[in-house]
Amino acid sequence: MEPPSAPPRRRSIPWQGLLLTASVLTFWNPPTTAQLTIESVPFNATEGKDILLLVHNLPGDIAGYDWFKGKTVYGHPAIATYLIQPQVTIPGPAYSHRETIYPNGSLLIQNVTQKDTGFYTLLIVHEDFHTEKASGQFHVYHK
């Protein structure tokens, strides 16, 4: 008897499809939302200089921002609130007339002193009223 001229037909094994699916799911990373961060520019400054707390990865659908001195928002008076519409800044109890909040959420502190050293926290209020927060810090040295 002669061998067949066509190669034998290969049968599909169900576990091969499952293995392919598992491989794709293991190595495929869905896009993630970038995390909200605060960068101090510069991180270290001498008294009398300005420091910008620069916001990175700002999400959309924002109603406003609140800035606080401290690592948390609870128990700390607000420096200021910025409302997206009508683009107005409302000074808080910790406002010293040296702070400016920009529409991108960043906070400029002018003429810093050693008392300004520490953590600052940004609280973002979304249009649907859920919140996000991020903290940054800087250090002020004596001249």
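Leaving aside its neighbours within four places in sequence, with which residues is T81 in contact? In this predicted model, T81 is in contact with Y65, D66, V88, T89, I90 and I101. The report below places this residue in the chain as a whole, and then turns to the nonpolar core and to a loop residue.

**Overall architecture**

The protein chain contains 1 helix and 10 strands. Read from the N terminus, the order of elements is α-β-β-β-β-β-β-β-β-β-β. The chain has 143 residues, of which 29% count as buried. Among contacts with a separation of 6 or more, 49% are between residues 24 or more positions apart.

**T81 and strand 5**

T81 belongs to strand 5, which covers residues 78-83. Its relative accessible area is 19%. Because buried means under 20% relative accessible area, T81 is classed as buried. The side chain of T81 also makes a polar contact, at 2.4 Å, with the side chain of D66.

**The nonpolar core**

The largest nonpolar core has 22 residues, and L53, W67, L107 and Y120 touch the most other members. Two or more residues of this core come from each of strand 3 (51-56), strand 4 (62-69), strand 5, strand 8 (107-109), strand 9 (118-126) and strand 10 (131-141). In soluble globular proteins, nonpolar side chains tend to be buried together.

L107 illustrates these surroundings. Beyond its neighbours within four places in sequence, L107 is in contact with I51, L52, L53, W67, I79, E99, T100, I101 and Y120.

**P42 in a loop**

P42 lies in the loop between strand 1 (37-41) and strand 2 (44-46). P42 is partly exposed, with a relative accessible area of 35%. Not counting residues up to four places away in sequence, P42 touches D50, I51 and F138. From P42 to L54 the C-alpha to C-alpha distance is 9.9 Å, and the two residues are 12 residues apart in sequence.

The accessibility of the two residues described individually is set out below.

| Residue | Relative accessible area | Class |
|---|---|---|
| T81 | 19% | buried |
| P42 | 35% | partly exposed |

Technical notes. Residues numbered from 1 in each chain as written. Predicted model: local features only at pLDDT ≥ 70, side-chain atom pairs only at ≥ 80, totals over all residues. Heavy atoms only, no water. Helix = DSSP H or I, 4+ residues; strand = E, 2+ residues; numbered from the N terminus. Buried < 20%, exposed > 50% of the residue type's maximum accessible area, 1.4 Å probe, protein only. Contact = heavy atoms within 4.5 Å. Polar contact = N/O pair within 3.5 Å; in protein donor to acceptor, adjacent residues only side chain to side chain. Core = buried A, V, L, I, M, F, W, Y, C linked by side-chain atoms within 4.5 Å.
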